[in-house]
Amino acid sequence: MDILELIQSNLLTPIVLFFLFGIIAARIKSDLKIPDAISEFLPIYLLAAIGLHGGIEMRNTGFETMFVPMIVAIGMSLLFTLNHYQILRRLGKFNLFDSYALASTYGAVGAVTFSVGLSFIKNQGVTSEGYLAAILAVLEPVAFILAIFLTNMAVSKQIKNKRKSLGKLEDSQSELDIGISETKSNLKQVLHESITGKAIVILLGSIIIGYVIGENGFESISIVFDELFTGAIVIFLIEMGIIAGQRLDDIKKVGGFLIAFSIIMPTFNGVIGVLVATGLGLSLGGSVMFGLLLASASFIAAPAVLRHAIPQAKPSLYITSALGITFPYNIIVLLPIMFMVSSIVHDAESIDLFNYISQGLI
Amino acid sequence: MKLYNVKLLTVTCEILAQKNVIDILAKHEITGYTSYEVEGNGARGLRGQGLKNEKNVKVEVIMQEEKLQSVVEEIARTLFTNFAIVLYVSDVGVLRTEKFV
């Protein structure tokens with residue numbers, strides 16, 4: 001299938017249509033709104049369903065296969081976060097706090113995007129590896145921890161320089177020490193909050209339960225966690241559409257650079273993710289989901305973490321770009337693109353895969 | 001019945017600043033407070049719509065005047081620049097002043 005055709009057919013799926021519908025509803029200032037309790041419940045439900053499926057598949061395939069992709073994903077997430085920071089700080093001229101906040105928002109993963117991706121590949125008739133759900137859980141805090149650590153280090157470096165210029169520097173503590181000690185209390189809190197946060201708890205909990213119950217145990221609850229899955233995403237995406245629609249005016253305020261960044265970066269990260277995953281031997285669908293993990297930006301978890309850890313950063317920048325630009329772009333355009341890339345490299349499996357990867361990296 | 005004069009501190013802030021406010025109160029050995037979700041409009045635009053993390057809360061605390069200054073000072077110093085926050089103080093009367101030390 002042609003890439004444009006694939007994007008076109010993706011546009012006409014209920015998920016995307018309801019998302020666009022939500023945007024329109026917000027633009028015409030309708031009072032349409034998904035009740036709070038339901039929009040808080042749905043992410044929990046989606047994560048539970050993702051976790052259960054992941055756990056069940058991990059029972060079939062075992063744990064061992066998961067470690068290499070997981071370590072690679074963590075490494076790439078860290079690298080990409082650093083890369084985002086350099087681009088935002090040097091080319092985008094954002095201040096230190098906004099740069100780190102944005103860099104980690106884009107280095108982190110989006111659970112909602114992940115659910116949409118699962119439904120997308122299911123629609124295309126392929127499956128993905130179950131352990132990707134575990135990678136989703138592990139990846140969630142990684143980019144934030146790095147960004148918070150680096151922000152604290154940079155801040156203490158500034159303080160130290162200021163002191164030096166005033167000639168009051170008597171302690172010989174290195175920046176690193178100050179950075180580490182200041183980060184520790186902050187990081188402990190962030191780590192605790194993100195690890196005990198509802199997203200990771202429900203995800204890990206359902207992975208374990210899925211692993212324990214297996215296919216047989218799942219049968220009795222499959223009507224809720226399997227058949228309702230896409231329908232639940234649709235309802236949630238009405239709400240996401242409404243929120244994104246309310247923020248459309250803010251997009252002008254984030255500036256051209258960030259708009260371009262929120263489209264180019266996910267594409268770059270996602271395509272590299274697909275190629276690397278293919279090189280690691282993941283399936284067609286698994287490679288798409290791996291790419292999506294790296295392409296997606298966090299907009300539900302990010303504000304909760306960053307408002308505490310880097311309060312100086314403007315939330316309007318990172319929420320608006322992640323939810324208003326990157327999320328729609330990812331689910332409408334980038335998913336089909338990554339699917340095409342993945343199909344091409346999987347078709348050409350006999351050709352040297354590392355050739356593709358090195359081409360992608362250069 | 002005799003009413004004793006104490007101060008009521010009201011802080012309206014974004015929900016993600018609530019924890020900071022309560023931590024500051026705890027630091028000054030104030031453990032009792034009441035909070036509720038609110039919405040409204042202000043310098044940072046309409047608040048209370050959309051994502052849960054973008055809602056506003058109102059935190060009400062009754063305390064003695066002696067503590068008030070240092071609490072207000074710390075909230076102003078640590079939270080005013082980065083968060084959507086408004087605070088004000090009013091005089092209220094209570095029956096059991098020993099509850100609000």
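A residue counts as buried if 20 or more other C-beta atoms lie within 10 Å of its own, as exposed if 12 or fewer do, and as partly exposed in between, with the C-beta atoms placed from the backbone. Keep that in mind as we walk through this predicted model, where local features need pLDDT of at least 70, side-chain atom pairs count only at pLDDT 80 or more, and totals for chains, interfaces and linings use all residues. Residues are numbered from 1 along each chain as its sequence is written, and chains are lettered from A and ligands numbered from 1 in the order in which they are written.

Let's start with A:Lys93. It is exposed, because 10 other C-beta atoms lie within 10 Å. You'll find A:Lys93 in the loop between α4 (64-91) and α5 (96-107) of chain A; helices here are DSSP runs of H or I with at least four residues, strands are runs of E with at least two, and both are numbered from the N terminus. Most residues other than glycine have a negative phi. A:Lys93, though not a glycine, has a positive phi of about 55°.

Chain B has a case of its own. B:Glu29 has a positive phi near 60°, and this residue isn't a glycine either. Look for B:Glu29 in the loop between α1 (18-27) and β2 (34-38) of chain B. B:Glu29 is exposed, since it has 9 other C-beta atoms within 10 Å.

Now for a pair of helices. Two packed helices are described by the angle between their axes and the distance between the axes. In chain A, the axes of α12 (residues 248-279) and α13 (residues 284-295) come within 7 Å and cross at roughly 145°. Those axes are lines fitted to C-alpha atoms, for helices over the stretch in contact, and the angles run from 0 to 180 degrees between N-to-C directions. Among the residues making the contact are A:Pro266 and A:Val271 of α12(A), and A:Phe290 and A:Leu293 of α13(A).

Finally, where do the two chains meet? 10 residues of chain A are in contact with eight residues of chain B, contact meaning that the C-beta atoms of two residues, placed from the backbone, lie within 7 Å. On chain A's side, α11 (229-246) and α14 (301-309) each supply at least two residues, and α14(A) gives the largest share, four residues.

Chain B has a mean pLDDT of 89, with 97% of its residues at 70 or more; pLDDT is the predictor's confidence in each residue, from 0 to 100.
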